[in-house]
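Good morning, and thank you for coming. Please look at the sequence and the structure as I put them up.

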Number of protein chains: 2
Amino acid sequence: MNYPESDLILRLDNKIPSYDVSLNGQTKFYTLCNILLDSAAVHANKYQFGYRDMQKENVYWVLSRFHIIMHEYPRMDDQVKVETWPKGVNKLFFMRDYRILSEDGRLLTTATTAWLVLDGNTGRPRKMEENYNLHHFHVDDFHAIEPVPDKLPRIKEPDRQTHVTARYSDLDINKHVNAVKYIEWVQDCYPQELYETQNVKEFQINYQAETRYGEKVQIRIMNASRRDPFEYLEGIRASDKYVAFRARVLFGAF
Amino acid sequence: MNYPESDLILRLDNKIPSYDVSLNGQTKFYTLCNILLDSAAVHANKYQFGYRDMQKENVYWVLSRFHIIMHEYPRMDDQVKVETWPKGVNKLFFMRDYRILSEDGRLLTTATTAWLVLDGNTGRPRKMEENYNLHHFHVDDFHAIEPVPDKLPRIKEPDRQTHVTARYSDLDINKHVNAVKYIEWVQDCYPQELYETQNVKEFQINYQAETRYGEKVQIRIMNASRRDPFEYLEGIRASDKYVAFRARVLFGAF
């Protein structure tokens with residue numbers, strides 16, 4: 001892959017915070033997801049298609065799919081470099097990729113996201129040809145992860161189930177559960193013992209419906225097997241049985 | 001108060017992250033607490049008494065008391081300046097203060113913390129005269145909040161109770177619930193409706209015992225009254241009835 005010298009690649013220096021460090025000294029996986037999405041927000045603001053810019057046009061960004069591969073984990077107090085760039089449009093999806101590198105340039109994380117632009121009135125995707133200029137901003141043929149993240153399957157027969165109730169700390173400015181909180185919920189389905197020897201190696205999530213304050217979400221889990229080492233998870237709103245998210249996670253030693 | 005031009009005041013520029021923004025666009029209170037304590041960790045590392053330095057001496061820092069006053073809340077994507085400095089020793093407490101200022105210098109937050117240095121073998125406080133040189137580093141007579149944070153009272157007759165169970169996401173590198181997670185738990189005792197018009201104005205917490213993975217903590221709450229507008233909270237480990245923390249919080253409109 002050719003590394004383009006484009007102004008459209010944002011580069012940020014980030015210090016790994018001392019909180020949100022896991023019991024083994026590695027940054028928590030969901031915290032890295034927060035760092036990635038925060039870099040997207042910084043970039044969108046820079047090119048005038050951030051949250052507030054979109055609000056003026058009565059449209060808003062919705063994260064639809066997220067795929068992250070961990071090559072190595074940064075550790076407490078490390079400095080890392082975060083890179084992000086928009087890759088243009090794939091059907092209705094606005095694609096954006098990310099890399100996290102160590103201070104001396106080792107590749108720690110690669111990730112890709114697929115976003116929708118929804119209309120504030122209808123809640124339906126709005127086409128990109130309208131009066132904002134998102135389609136001018138993209139880096140061609142440079143991928144952290146090339147494929148558009150998969151649509152994940154429903155879980156027919158879960159091996160186990162748990163549940164969580166959306167609290168104040170889960171909410172964001174839209175009064176919905178924050179996208180990365182679903183990832184935190186997924187991580188909380190696994191016990192301390194797992195994290196003593198393993199961590200998330202690969203993760204994919206589809207966002208399908210929002211969750212609001214006080215809503216109970218059932219999490220159905222299909223265990224990894226010899227045939228398929230991924231764990232599959234599905235979060236279902238208890239009140240109306242809508243699927244809030246589907247995810248799959250692969251654990252490995254680091 | 002005289003503002004000293006000391007090298008011992010650390011000044012950091014922080015961008016308020018786009019996640020952890022409350023439903024009203026203000027940063028979540030507990031996120032500001034994370035930013036404060038992270039600045040303390042950066043400063044301790046700089047002067048070789050950080051987590052890893054202390055580990056070599058078989059001692060560790062424990063946050064004992066925390067008092068924060070909010071004058072104004074930063075908002076999503078704001079830049080803020082964080083200042084922190086050690087204030088020397090008060091009995092067994094190592095004192096450290098903090099201020100958060102807006103980009104143009106308005107005072108947003110003042111805070112003070114009281115820390116203990118515990119011996120890795122005995123778990124008891126170790127005296128400061130020993131072979132590390134913490135007592136060389138302090139700024140005299142410069143206070144964000146002058147009084148040492150109070151010892152908070154036990155709650156005899158709670159008005160209501162709730163509970164929480166410690167999850168993976170609550171843990172830090174010591175396998176205990178992270179100090180700021182208790183603050184998040186306190187905030188989660190209050191409903192979305194409260195945060196639509198109010199936010200935390202003043203907060204104090206005493207840390208008394210650690211909580212481990214899977215431990216259930218009962219939270220007893222004494223409501224504000226006309227005589228005392230603070231809400232008082234007490235977190236009690238279900239297994240052995242030890243008090244994990246005591247806190248008091250004052251809400252106000254911002």
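I shall speak about the contact between the chains and then about the core.

The model is predicted, so to speak of local features we need pLDDT of at least 70, side-chain atom pairs count only at pLDDT 80 or more, and totals for chains, interfaces and linings use all residues. Residues are numbered from 1 along each chain as its sequence is written, chains are lettered from A in the order in which they are written, and side-chain values use heavy atoms, without hydrogens and water.

Seven salt bridges are found across the interface of chain A and chain B, each a side-chain nitrogen of Lys or Arg within 4 Å of a carboxyl oxygen of Asp or Glu. Lys15(A) forms a salt bridge with Asp38(B), with 3.2 Å between the closest N and O atoms.

Let us turn to the core. The largest nonpolar core has 126 residues; such a core joins buried Ala, Val, Leu, Ile, Met, Phe, Trp, Tyr and Cys residues through side-chain atoms within 4.5 Å, buried being under 20% relative accessible area (1.4 Å probe, protein chains only). Phe66(A) and Phe66(B) are among the members that touch the most others. Beyond four places in sequence, the residues that Phe66(A) touches include Cys33(A), Pro149(A) and Tyr207(A).

Methods. Buried means under 20% relative accessible area, exposed over 50%, partly exposed in between (1.4 Å probe, protein chains only). Contact means heavy atoms within 4.5 Å.
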